[in-house]
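The structure comes before the details.

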Amino acid sequence: MYGRGLRALSISTVVAVVAALTLVFFYAPLEAEQGFLQKIFYLHVPLAIIALCGFVAGGLFAIAHLRTRDPRWDMRSYVVIHMSLIFAVATLITGSIWAKGSWGHWWVWSEPTLVSFLIVFLLYATYQPLRFSIEDPERQARYASVFAITAGAFVPANFIAVRLASEFLHPRVLGSTSNLPGPMALAFLASLVAWALLFVTLCRYELAAKHTRFQLRALRRRLAGEQARPARRRRSAAPEPATGAATLGARVAGRGAST
Amino acid sequence: MSVLLAETPALPLHTAGKYVAGAYIVVFAIVLIYVAIMAIRLGRIEGELGELLALTEEDQLVGRDAGDPGDGGGHPRRDAGDSRRAAADPRHDPGETQEPPHAARESAPA
């Protein structure tokens, strides 16, 4: 179910990423002030936008989970937040590299955009420890959803607060692509689409992997259950040899428990 | 290709080049590591599936070797085999293609 259309999506992602890189390096002109260093912009900014949108999407999926109690929404929320965290790590690293090349420092603590993104990242870094500290699966999903909604609401609030802040050392990008020359804007939008496609593809792979593992567990449980049932019936009538279906059920159940 | 290269600006690999290369390499390395982790997981799933298949095949062989002594209940092993095949076939139970809540809950946080 989650694997449907994955091949087409993967091919589109590869094509989009290659096209975006071609546009960035061979079509978009060099920026007057930063020169070649500005090429990081086409990587860093889309990653940041996608990571933040992913966090918000995680919150929306969590709302759907709390409304419907359907665990699939919880799984989607978990996967999207997980992937956004990976993208956020990439954003922080590429941002640091860009800052070093441009400002001469790996990190500038007085810059609100950097610090606010770090705060959002650290906030979401607590999502998984929180989630896995709860054993009961139902409570785990519910608490994780509440966290995802609260943190998801914090993301746009944080974004607006930063924009209202007085210090604007960090260049403003979102909503200002009209300031970019045509080729730069095209390269930027192509990069945004390409990295967004990569995000969606990786999420779909993760969901497909989780779903497959679930189906495998269900199959194991079913095998164990269906073997155990006739075994119990037989045991009441006559002693059963050590080999056969009952043993298989026990073995399947045993191995299932051990994994 | 030569026309394209003639049209494109030369990539200045001086000071800025190493930062740009570093940024892009880091991102591709992250994606690569992620894909490698996914491949390992896939291998594990494949292993588990193989293990289950081996167990069911082993059981069928044992059943055949034992000559199916019969216990008054028809052919339990064959019945079990049928139900196993049915369990492996997602068309058997349409509800099973959707995740039942109790099982999906187990899989979600893994």
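The axes of H2(A) and H6(A) come within 8 Å of each other and cross at roughly 140°. Axes here are lines fitted to C-alpha atoms, for helices over the stretch in contact, and angles run from 0 to 180 degrees between N-to-C directions. Helices (H or I, at least four residues) and strands (E, at least two) are DSSP runs numbered from the N terminus. H2(A) and H6(A) are therefore oblique to each other; angles under 35 degrees count as roughly parallel, over 145 as roughly antiparallel, 65 to 115 as roughly perpendicular and the rest as oblique. The crossing of H2(A) and H6(A) is left-handed, a term used if the near helix is turned anticlockwise from the far one by less than a right angle, with right-handed used if clockwise.

This is a predicted model, in which local features need pLDDT of at least 70 and side-chain atom pairs count only at pLDDT 80 or more, while totals for chains, interfaces and linings use all residues. Residues are numbered from 1 along each chain as its sequence is written, and chains are lettered from A and ligands numbered from 1 in the order in which they are written.

**Contacts of H2(A) with H6(A)**

On the H2(A) side, the residues that meet H6(A) include Leu52(A), Phe55(A), Val56(A), Gly58(A), Gly59(A) and Ala62(A). Their partners in H6(A) include Ala141(A), Ser145(A), Ala148(A), Ile149(A), Gly152(A) and Phe159(A). Two residues are in contact if their C-beta atoms, placed from the backbone, lie within 7 Å. By class, this contact of H2(A) with H6(A) has 14 nonpolar, five polar and no charged residues. Ala, Val, Leu, Ile, Met, Phe, Trp, Tyr, Cys and Pro count as nonpolar, Asp, Glu, Lys and Arg as charged, and the others, Gly among them, as polar.

Ala57(A) also lies in helix H2 of chain A. Ala57(A) is buried, with 21 other C-beta atoms within 10 Å. A residue is buried if 20 or more other C-beta atoms lie within 10 Å of its own, exposed if 12 or fewer, and partly exposed in between, with C-beta atoms placed from the backbone. In sequence Ala57(A) and Ala148(A) are 91 residues apart, and their C-alpha atoms are 9.2 Å apart in space.

**H3(A) and its two partners**

Helix H2 (residues 41–68) of chain A also packs with helix H3 (residues 71–103) of chain A, at an angle of about 160° and with the axes 8 Å apart. That makes H2(A) roughly antiparallel to H3(A). Their crossing is left-handed, and by class the contact of H2(A) with H3(A) has 18 nonpolar, 10 polar and two charged residues.

H3(A) and helix H6 (residues 137–164) of chain A have axes that come within 10 Å and cross at roughly 50°. That makes H3(A) oblique to H6(A), and this crossing is left-handed. From H3(A), Pro71(A), Asp74(A), Ser77(A), Tyr78(A) and Ile81(A) meet Ala141(A), Ala144(A), Ser145(A) and Ala148(A) in H6(A). The residues of this contact divide into six nonpolar, two polar and one charged.

At 1.5 Å a residue, the 28 residues of H2(A) should span 40 Å, and its end C-alpha atoms are 40 Å apart, which agrees. The expected span is 1.5 Å times one less than the number of residues in the helix.

Arg69(A), which follows H2(A), is in the loop between H2 and H3 of chain A. Arg69(A) has a positive phi of about 60° although it is not a glycine. Most residues other than glycine have a negative phi. With 13 C-beta neighbours inside 10 Å, Arg69(A) counts as partly exposed.

**A site in H7(A)**

Phe214(A) lies in helix H7 (residues 182–237) of chain A. With 21 C-beta neighbours inside 10 Å, Phe214(A) counts as buried. Phe214(A) and Val14(A) are 200 residues apart in sequence and 28 Å apart in space, C-alpha to C-alpha.

Read along the sequence, chain B follows the pattern α-α-α-α-α. Among contacts in chain A between residues at least 6 apart in sequence, 75% join residues at least 24 apart.
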